[in-house]
Amino acid sequence: MLFRSNRDVLKRVLDTLDGSDIKTIHYTVFNLLPLDHLKLISQYRIKPLFEISIESHNREVRRMSGKPSYSNEELESWLDNLFKHNAKASVEIYFMIGLPKQTPEIVMGDVDYAEHLLNKYSEHELNVFICPMVPFLINGIHDNPEKFGYKILFDKLRDYEKALLVPHWKDSLNYESKWMSREELVDISYIACRKLVLAKEKSLKLPKVLSRSIIEKIDK
């Protein structure tokens, strides 16, 4: 009943916007939309852009982060249905570095999975992104860091003020975890981003001139 009600609301919104000059609607997806919602969206001229933050390919890391419980297989099945019914759809998938139970090895697994998605959906408008959780821990974790395996490095307002003015972002991080020190988190962020940039160049998601410029900056 809830999904039916939501579908009716979605239809009313789309009906209202369909006569406007709006060309794209941005959907932030917390739970994968049912198939009938995808079919409904496909009936309108407005292009949908779906933003999906899966955070990690690793289910345990996702669970600790309070992220959606669907599996990678369920995500890909959903993407298959989406592009089957709406070839013009655009998808952005986000990964995060610095999560509970996330090791450097898991981060590189995230990059491998991101590259897999780029390759599998190379004929569609799908892009992937990865970045460290900076500069500070999000509120929910910050309130109880030990429960999630974090150590808070700043304890005074003055420390945070200084952190926002330092030249290197490593020194602005207010945390490290049981699984990665602050230095490890910074190092793996550069390594992961570098590998993903090369993957996006290979899949034509980034022009070579731009990717090479980014790689040069990372190497420096």
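**Close-up views of strand pairing and aromatic pairs**

View 1. Strands E1 and E2 run parallel and are joined by six bridges (strands pair if DSSP finds at least two bridges between them). Helix H2 (residues 35–42) carries the chain from E1 to E2 in a right-handed β-α-β crossover (clockwise from the first strand over the helix to the second, with the strands pointing away from the viewer). Helices (H or I, at least four residues) and strands (E, at least two) are DSSP runs numbered from the N terminus. The model is predicted: local features need pLDDT of at least 70, and side-chain atom pairs pLDDT 80 or more, whereas totals for chains, interfaces and linings use all residues. Residues are numbered from 1 along each chain as its sequence is written, and side-chain values use heavy atoms, without hydrogens and water.

**View 2. Ring pairs link Tyr27, Phe50 and Trp78 into a cluster.** Rings of Phe, Tyr and Trp (its six-membered ring) pair if their centres lie within 6.5 Å; planes under 30 degrees apart are stacked, over 60 edge-to-face and the rest tilted. The count comes to eight aromatic pairs. Phe50 and Trp78 pair edge-to-face, at 5.5 Å centre to centre and 90° between the planes. This pair connects strand E2 (residues 47–55) with helix H4 (residues 72–85), its members being 28 residues apart. Both Phe50 and Trp78 are buried (under 20% relative accessible area; exposed is over 50%, partly exposed in between; 1.4 Å probe, protein chains only).

**View 3. Phe136 and Tyr160 form an edge-to-face pair.** The ring centres of Phe136 and Tyr160 are 4.9 Å apart, with the planes at 80°. Phe136 is partly exposed at 22% relative accessibility, whereas Tyr160 is buried at 16%.
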